[in-house]
Amino acid sequence: MASNTTPTEIHQQVKLVSRYQYTNELELTEFLQTTRLPHLIQGFDIGPCKELWTSEYLHSVCSSNLVSVMVSLQPLLEFAPKNYEYKSMPLNELCKLCGISHDLESASKMKEYYYLRSLGENPFKDVADFYKQLPELSKDILIPKVFTEEQYFSSVLRIASAGIQLFTHYDIMDNILVQIRGRKRIALFSPRDSNNLYLQKEKSPIVDIDNPDWDKFPKFSNAIRWDCILNPGDMLYIPAPWLHNVKNLDFTVAINFFWKNLDKSMYATNDVFGNKDLIPAQRAKQILSRALKALDELPPEFKEFYGRNMIGIIEEKTFQ
Ligand SMILES: O=C(O)CCC(=O)C(=O)O
């Protein structure tokens, strides 16, 4: 009798992000400078925002200034092809809409999902600066000083309806994501797994990380996933260039603080989002594209031979 064969189940290794209990700024600063691993920081008092910033409160205190919001009919945001559009809407109106979609059920009834990543005054030239742009809110939040004024880069307000999920990406600067309202589930992947995430520039095309297309992305099963849930008052340290995927479990409000942990001269000067390659990496990529052009002059078997040979050298010289 023929035996039933069931397809082999694919299991991805999932770990939990380590927790760090806050005691004082100095210890935390030193810890972040040395660990270079994501940590869920708990026990720091982020101030009155935690209780105060309901959608009703935000609706009443925020201005009607227009903000550019990602609006999608689906909760999982996709960038290729793009399944969302940017719509201009008053900030106070957005707070109201996101408040109505405060849980997964009410968000699905709304049909549209909303996601704000605040931008600079001039989005093409200026970085997002929560303190300058939203003084009506910035007095309500405290963060530990883990970076100097010199190192500070940007502060980005994020407001989202329940269910919306941001594709996996990396940033070039270290960041602390402060959770103020609602819960977010964050999945992180080490920079060592970047090839297993099929990166296209800074983003991964594996949109549904919980139910991926294994035929299309077989290497994803090798990537180790680090999970955590952020509750109000929690802070997540996301070291550059760790990859992260963010799912909003409720209506959420959060702020990121990005800073330059390396020497300033390493960073591109025309980078408003904090995701342009570091300057030496830009140089290395230009040289690589010249090397690839040179290999193009060879017959295929030699091209492959030298290509493999060069991969070996790069592995030997760069992998830790
Ligand atoms: O909280 C979010 O919605 C996104 C956070 C994020 O992408 C980041 O910290 O870089």
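Residues are numbered from 1 along each chain as its sequence is written. Because the model is predicted, local features need pLDDT of at least 70 and side-chain atom pairs count only at pLDDT 80 or more, while totals for chains, interfaces and linings use all residues.

We can start with the overall layout. An open sheet of 9 strands shows mixed pairing in the order E2-E3-E12-E9-E14-E7-E6-E4-E5 (strands are DSSP runs of E, at least two residues, and helices runs of H or I, at least four, numbered from the N terminus; two strands pair if DSSP finds at least two bridges between them). E2 and strand E5 (84–90) form the edges, each pairing on one side only.

At the E2 end, strand E2 (residues 18–21) and strand E3 (residues 39–42) are parallel, with 4 bridges, and Arg19 lies opposite Leu40 in E3. Helix H1 (residues 25–35) carries the chain from E2 to E3 in a right-handed β-α-β crossover (with the strands pointing away from the viewer, the path from the first strand over the helix to the second runs clockwise). E3 also runs antiparallel to strand E12 (residues 235–238) through 3 bridges, where His39 has Tyr237 as its bridge partner. Further along, E9 and E14 are antiparallel over 7 bridges, and Arg181 faces Val253 in E14.

Now to the ligand. Its surroundings include Arg158, Asp171, Lys184 and His244 (C-beta atom, placed from the backbone, within 6 Å). Strands E7 (152–160), E9 (174–181), E13 (243–248) and E14 (252–259) each give at least two residues to this shell.
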